[in-house]
Amino acid sequence: MFTSIAPRYDLLNHVLSFNIDRLWWWRTARQFDAILRRPDARVLDLCCGTGDMTFALSRRAPSKAQILGADFSHAMLQRAAAKTKTAEKGSAATPRWIEADALRLPFPDGHFHLVTSAFGFRNLADYNAGLHEIARVLAPGGECGILDFGEPGGVIGKCYRIYFKKVLPAVGTIISGVRGPYAYLPASVERFPAPNEMLERMRQAGFGESSWTPYTFGIAGLYRGVKRA
Ligand SMILES: C[S@@+](CC[C@H](N)C(=O)[O-])C[C@H]1O[C@@H](n2cnc3c(N)ncnc32)[C@H](O)[C@@H]1O
């Protein structure tokens with residue numbers, strides 16, 4: 001499914017979110033500056049797609065930091081790699097890309113200081129297994145940041161649901177030329193646990209100091225947790 005929308009993925013992201021996606025990636029990356037500034041930082045961005053979250057992280061990290069984007073769609077990663085070639089070269093870290101399943105990561109225990117995922121975790125077939133795999137590859141004291149969609153309440157929530165369930169799937173289908181993925185999006189958000197349940201799952205997977213910060217009225221939000229020693 002993701003491979004089928006890869007050619008128009010970036011365009012659709014920016015159009016359908018009115019460019020607020022860039023703000024969400026930037027806000028998320030900023031939360032982890034204490035880790036990203038370390039020259040020895042090892043950072044994994046899971047379900048990286050075409051790499052925008054990964055680039056937001058790498059821009060804040062020194063050149064010696066290791067920033068890795070992982071995804072199981074080859075077509076998505078090809079686009080991420082192409083963007084790396086045209087990205088500005090400066091003192092920031094250059095991301096590298098790896099094709100991998102988030103539920104079976106090819107990394108040893110305790111390898112990373114930070115694991116993030118933007119709008120990818122929700123798609124996993126097994127959320128608990130995903131959290132345990134993130135906890136496995138994190139060093140004790142390492143941090144996890146999961147940015148994903150939420151369901152805002154009140155009047156804003158009502159208006160947003162009309163947009164999300166009717167307008168977005170229609171526009172997404174027209175621009176991508178693929179029927180299905182953009183209808184799947186609202187269904188996947190409904191299936192995703194509410195913040196309290198997600199925080200409980202994080203605690204059970206071995207994360208302390210778990211928190212959820214809503215972004216833009218709760219349309220999106222950032223889950224954070226620290227791997228317990
Ligand atoms: C909605 S896109 C998000 C991409 C990017 N992080 C962003 O913020 O735009 C979800 C991505 O998750 C990837 N994905 C879904 N399940 C995965 C899994 N089990 N392992 C690795 N990647 C996965 C898809 O291939 C897709 O590129």
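Me: What makes the space taken by the ligand a pocket?
Reply: In this predicted model, the ligand takes up the largest pocket. A pocket is an open set of points on a 1 Å grid over the protein atoms alone, with protein on both sides within 12 Å along at least five of seven lines, whereas a cavity is a set where a 1.4 Å probe fits but cannot get out. A molecule sits in such a space if more than half of its atoms lie within 2 Å of its grid points, so the ligand is placed in the largest pocket.

Me: How is the volume of the largest pocket defined, and what lines this pocket?
Reply: The largest pocket holds about 950 Å³, a volume being the space filled by probe spheres set on the points, which are joined across faces, edges and corners. Its lining has 49 residues, with Tyr-9, Asn-13, Phe-119, Arg-122 and Phe-149 closest to the centre; a lining residue has an atom within 4 Å of a point.

Me: Which residues count as surrounding the ligand?
Reply: There are 19, the closest being Tyr-9, Cys-47, Asp-71, Ala-102 and Ala-118; each has a heavy atom within 4 Å of the ligand. By class, this shell has twelve nonpolar, five polar and two charged residues.

Me: How many cavities of 30 Å³ or more are found, and what lines the largest cavity?
Reply: The search of the whole structure finds one. The largest cavity has about 50 Å³ of space, and its lining includes Gly-150, Tyr-160 and Glu-190. α8 gives the most to this lining, with four residues.

Me: What conventions apply throughout?
Reply: Residues are numbered from 1 along each chain as its sequence is written, and side-chain values use heavy atoms, with hydrogens and water left out. As the model is predicted, local features need pLDDT of at least 70 and side-chain atom pairs count only at pLDDT 80 or more, while totals for chains, interfaces and linings use all residues.

Notes
Nonpolar A, V, L, I, M, F, W, Y, C, P; charged D, E, K, R; others polar. Helix = DSSP H or I, 4+ residues; strand = E, 2+ residues; numbered from the N terminus.
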